Each structure stands twice: as C-alpha cells, then as structure tokens.
Amino acid sequence: MTRSMPTDCWYAPAASSEVDRDLLPVRAAGLPVVLYRTGAGDVVALEDRCAHRAYPLSSGALIGDTVQCGLCGFVYGTDGRCVSVPSQPNVPYGAAVASYPTREADGLVWVWLGEPGRSALHRIPDLPWLADAGWSTVSGEEDVLASFLLLHENFADVTQVPFIAPEIAPAVLGATPPPLDVVVSETSVSLHRDFPPAPLPAWQAEIVGSPLDTPYRTEQSGFFPSPAVWVDHWDAQAEDGTWVRLRFTHLVTPIDESSSRLLWAVSRDFALGNRAVDQYLDGIFTDYYDRVIDAMEIAQEVLEIDGPGPEVNVNADAVGLKIREIVSALLTAEGA
Amino acid sequence: MTETETRLREYESDLVVESYDVVAEDVVALTLVNPDGQALPAWTPGAHIDLVLTPEITRQYSLCSSPADAHRFTVGILNAPNSRGGSAFVHEKVSVGSTIRIRGPRNHFPLVASPRYVFIAGGIGITPMIPMIAEAEAAGADWTLLYGGRSEASMAYIDVLRAYGERVTLLPGNDVALMSAALDERIGTPRPDTLVYTCGPEGLLGAVEARCATWPSGSLHLERFAAKATEGAVDSEFQVVLARTGITITVPDDKTIFRAAEDNGVSVLGSCHEGICGTCETVIIDVDGEVDHRDSVLNAEEQASNETMMICVSRCRSGSITLDL
C-alpha cells in the first residue's frame, strides 16, 4: 500500500511543556516515537520500539540520558544506538533504534521523521504568538479519528464555519461574503478576505468590552505553510483604529492513515493574562473543536465505509484542492 | 449562502537585488531578497520562479540557492546571444538594488527520492542541479553529474561542483562525440533504482531522451526552458465545460482556453502562455473529442493519459472537453 502521510515534514506532536524527564509516547506519520528531555534540557526523539523484541521503549525507564527497555533491559543512548544489554558484555551488531532530529520553537517540540539528512532543507513555520508575551493563549489536544488531510480541508474550507458553529462565527460570515483571494506557491497556500464593518461575535465583544453593535472591519487570513500546520488570523479594527487580533493555530500530526493528533490553540492580543477570559474561551473553543472533530470523524467514517466516491468541487474549494495537490507532490517526491 | 467570488493567483512579490555576481562568462547569478524582511515561500529542488522584467517580458529561471534559506532566491541567468529579451534585460538593466517582481515558486522538475541519481546538465541547465545535488548528498544518495559546456570559463558553479570530487565529470569544449560517448557510458543501459535528471539545450535533452527510451517508465526527468515547435497545428473552435463554475464556454479558433475562461470571468492561474512553465496545468475530467497537447511540460506518456493539460496552449481538435475549473 502506498503511504498517504508525508514524512519529509517537521511535525509538532507535543508542546515543549509536555516533554520532560520522563518518557512520552506519541505516534507521527505511522511511526511510534518516544520523546524525553536529557539532563541538559535537549529533546530526544527515538523510535518507540525495542530493537530486540516488540516492546515500546516508553514502557521502560529513563536512566540518566539513556532509555532502558522494560522487557529485556536493552539500554539506548540519545543517538538510538544500544549501549548495553544485560545478558552479555558486548552489544549485538546493528542493535539500534531510529533517532529522529528534533527542534524546539515557539513552545513546541518539532520532530522530523523523514531522511535525517534532508531535515535541514525544510523549514519550521514561525508561530511567534504561541510564545510571545504580547499574546494570551488557550489550547487543547485531541486524537481525532480522521485523516490529517481531512482536517486540513476542513480548516481551509471557509464555507463550513457557519454550518458547524453558527453562534461563534463572526456575524460577517452570514452576510454576503467578500471575494476570497487565494495565493498559491509550490508548497504553500493561503487565503484572504476583507469583511466590511460589522459587529464582533457576541463572545468576543464581551471580552473586548465593547458594545454589541460596535462595528469592526475584519481581515481574515488562512495559511497552509506545511502539512503540520494550519493557521487562521482574524484581525478586527474598530472605527477608532484599535485592533483586536485572534490567531487560531492548528498543529496536525498524522497518527496513521485515518487518524490524527490535533493540537489547537486560540491566541488573542487583548485581555492579556486574564484567567477568567481564559476559562471562558477554553469553554467556547473546546466545545467548538469537539463539534469540528465530530463532523470530521463522521466524514472519515463515510470515506471508510463507502470509499472515496466522486466529489463535486466549487470555486471556493481552490484552497483545499491545492492542499491535496501539495501533499500529493510531497508524497511523489518522497517516492511514497 | 450567496456566491463567493474566488480569485486565484500565485505568490507575487517585488524583491530587491541583494547581489549581482558574474559566475561565468555571460552568466550572472542574481540573489533576491524581500525588502520588508519577510520570509519567502518555501520550495524544493527543481523549482523555478518567474521574473516579471517588463510588462511584456516574463521569464522562468530555476532556483539555485538553498531551500533552507527562507530569505533569499538565487537564479543563474545566461546572456544568450539569441535571447528573446529576458536575459539581455537582466544583463543590461539590472544591478544591485534594482527591484524585480517575482512570481512562484513552482516545480515541474521535482527531485524524487532515490538511492541513485544520474544528473546530466548542459550549460545554464546546471542551475536546477545545484540544489538537487545538495539534497541528494544530504540524503546520502549515490549520484554522478555529467556537465557539458562551451568552455570551462563559460560553465557556472564549477568550483562548487569540483568540491564533490570524482562524482562530477566536466566536459568543456562542446565536444559532441565526447558527450555522446559519456552518455552511452552513463545511461546507455538501464540501471535499477536510478533516476536520470537532465536540463540543458534541446540537442542534449534529445540525446538523453533517446537513450532513456529503454529505461523503466518514470526514470527520466527533464526540464525544457524553450517551447517545443508545434508545426502545422490547426486551431479550430470547441466547447469547454467548466465543472466547478458550472458553465459551458466556447473557445473560438483565435483564442486559448485560458483566455476564453478569463473572458468568462473565471479566475485561472497562468504565466508563460507558451506551454513551458506548467502554471496553468488543469485536470481533464472528460473528453468528447481529441485533446491536442502542445505544451513542453508533460512527457508523451503524460500527454497520452489525458489526465491534465496546459490550457495556455493545448486545445481540443473538435467536440468538447470538461475541465476542473
């Protein structure tokens, strides 16, 4: 079977805060991975399966900077090479697990599962609002029974929000939508729309503390910088020139062909550090993403039961279709 | 919901020439940066960009910098004696600090992962090979490069390439017999798990194509920067069903599908309008008639499959065609 998940991509399967001096199992692009931090603070990503027998290293123990298999006692260094086995003085030839390149940026752990030599040729998208003091963020994580591509197509589909969650959608989405500008390049795609002045959605007006009928003009942008990320910007400007900005970050890591890890984050540049607002937004968006996830899981089920039937496209699908094209080109280049 | 108008375009930006280096006789390497410091779009080896030099002159050049550099695009440009205006413009009118509009990147010459590569470049055709070779080397692949040119002084990037040692064979002197013998030795017999990448003048591409005819399908990857001649082609009127938009349009004998779609208010991507850049590649949903492929991007096999077409030049000989537009 041909692969459907690109490996030549930096994925962010965990937040920096989740990776510490213990063993964290994750799956990415169909591969089992164990994450941990060395005494010096560096993140290590190893194949999460002992080279000796089928057993996850994450069920073993972190001893210093090495990992010991909980079943057979093989010990592995940060480069994945086996450094000792309990039953004999010498390490068997070729005893090693894969060690994956890692990087930390914007409060996230990024892992490269492709050919290690190619990792330096690929970029990690900049997501500065996740770690910058000028922003406050609420976030959540979920395993989703839907493929990473289905999630991206959903994020890219500007026509879906009013149907999935009408009450959180900006009022402007219900009115005559302005033209959708789509910009493509070899490996990325973005969309942009400028909405005429309209009231903020009720939840946002409440937080900002502006009267419900205050008009804001809104700029929406969406970005697909790589199969690991979809970002939405919603920037609203009042008549007095003040801005309120929102960033919706979606970190998508394919677990296998038909399920994904979704790490979502909603960042704002207003009501900074306000715990009550955090709680309020956490409630709203946990509920919103639950609904998105439900819809995607239903779509995945249809695909699995009835196969990928014929689909009708409309012009507004240009973004989602370009994402399919980019992913397909990536897989071709990987020889998948 | 009311109708959402969708406007589709490629990334475009006005970049500034950061450096202008003569890297060989008649070859200039232009390095372009975003004046506002913003990152440029990511790309992979084999990609090219458009330089929009004047309202009339848009030309395609392969990127030869590193995809890891988010802030720079470098292109190598030959001042060809029979230039159609693009390279002469760059050599005469452009200098450090000039502003040039770019479009893209796009890639119809992607480097597919393989344990072994044979790279064959002629003259300025070396430019896409520079990042390809860097990637093959980084991935630990086994590769060789055969690089022919008029003279060593005219061949760009020789110093960079010499550092790779015996993987690289230089063939200066435009010696057709020597090149022919070298091609026979490299690709005369199909080799397993090996991909052939070639870019250069038409004579070289033809010679490589002829030798690769017996190789497994998909082994040969080549890129043309000049349109193939389409002699005796007859343009007639036909119908196109635009599936996404939901309308049927007539393409008259004096217009391309691209122009006819634009005339009907449909936003389509396109750049070179001569079938070489691949920007307007469009999925064919259904054909009732015969597609007349006139591009220089798709190979014969891809054209025969009728899966996609370049709507800036290719047509339908009669009847109608349904496109994913």
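I'll begin with one residue pair: Asp181(A) has Arg7(B), in strand 1 of chain B, as its bridge partner. Before going on, a caution that this is a predicted model.

That pair belongs to a strand pairing across the two chains. Strand 13 of chain A, residues 180-184, runs parallel to strand 1 of chain B, and 5 bridges join them.

Now the contact as a whole. Chain A puts in 29 residues and chain B puts in 34 residues. On the chain B side, the elements that give two or more residues are strand 1 (6-10), strand 7 (99-106) and helix 2 (129-138). Strand 1 of chain B has the largest share of that side, with 5 residues. Sorted by class, the side of chain B that touches chain A holds 8 charged, 9 polar and 17 nonpolar residues.

Next, the cores. The largest nonpolar core numbers 87 residues, and the ones with the most contacts inside it are Tyr11(A), Val33(A), Leu35(A), Val109(A) and Val111(A). Helix 4 of chain A, residues 275-306, supplies the largest share of this core, 7 residues. Why does this core lie between domain 1 and domain 2 of chain A? Because domain 1 (10-121) and domain 2 (128-333) both give residues to it.

Take Val111(A) as an example. Leaving aside residues up to four places away in sequence, Val111(A) touches Tyr11(A), Pro13(A), Ala28(A), Val33(A), Ala45(A), Tyr100(A) and Thr102(A).

Another core lies apart from that one; it has 57 residues, including Val118(B), Tyr147(B), Tyr197(B) and Val208(B).

Definitions and conventions: Residues numbered from 1 in each chain as written. Chains lettered and ligands numbered in written order. Predicted model: local features only at pLDDT ≥ 70, side-chain atom pairs only at ≥ 80, totals over all residues. Contact = placed C-beta atoms within 7 Å. Helix = DSSP H or I, 4+ residues; strand = E, 2+ residues; numbered from the N terminus. Nonpolar A, V, L, I, M, F, W, Y, C, P; charged D, E, K, R; others polar. Pairing = 2+ DSSP bridges. Core = buried A, V, L, I, M, F, W, Y, C linked by C-beta atoms within 7 Å. Buried ≥ 20, exposed ≤ 12 C-beta atoms within 10 Å, placed from the backbone. Domains from an automatic or database assignment.
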